[in-house]
Amino acid sequence: MNNLNNDTELRAAIVHAVIRINNLLIKHGNSDKLAGAYGLSQQQWTLLGVLDRNGQGMTMTELGKNLLVTKANMTGMIDRLERDGFVSRHPDQFDRRVTKVMLTEKGALFMREIEGPRDLFTSEMFADFTSEESQQFYNYLERFFKKLDS
């Protein structure tokens, strides 16, 4: 472990560690063991996961806010996922100016198929953590996220 002599060095090291972990998660998510095996990027997998958890479809604006990406990037991702049959666009039933993005059967099937490899990956990554430590880790990350997103 690095010699972190003061709070300033410790905080800088934490930020650096989070960035490094994010890069490794993207690398693993894009691998042939996870989303990459289905021809998807980690970001596309994340988008499908958001839609899957929502269950009702979401607007492009809602997805962009959730994933913290620009409208242009969101449009490109949705275009590719729609082209490949993972999502579809539908006019909102209450406001036809609004388009909702929804998982297709193929998208929902992908989310079920990737559960096993995802669970194996996360089990391996958190093998050295107790359930309590994992919960604390999650809580710390959420606090960190909310501070950055405010």
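Modeller: Let's start with a pair in the sheet: Thr 59 sits opposite Lys 100 in strand 3. This is a predicted model, where local features need pLDDT of at least 70 and side-chain atom pairs pLDDT 80 or more, while totals for chains, interfaces and linings use all residues. Residues are numbered from 1 along each chain as its sequence is written, and side-chain values use heavy atoms, leaving out hydrogens and water.

Colleague: What makes strand 1 and strand 3 (residues 99–103) a pair?

Modeller: Two strands pair if DSSP finds at least two bridges between them. Strand 1 and strand 3 have two bridges, in the antiparallel sense, so they count as paired.

Colleague: Why are strand 1 (58–59) and strand 2 (87–91) called edges?

Modeller: The open sheet runs in the order 1-3-2. Strand 1 and strand 2 each have a single partner strand, so one side of each lacks a neighbour in the sheet.

Colleague: Which residues of helix 2 and helix 3 meet?

Modeller: Thr 46, Leu 47, Val 50 and Leu 51 from helix 2 meet Leu 63, Asn 66 and Leu 67 from helix 3, contact being heavy atoms within 4.5 Å.

Colleague: How do you know how confident the predictor is?

Modeller: From pLDDT, its confidence in each residue, from 0 to 100. The protein chain averages 91, and 98% of the residues score at least 70.

Methods. Helices (H or I, at least four residues) and strands (E, at least two) are DSSP runs, numbered from the N terminus.
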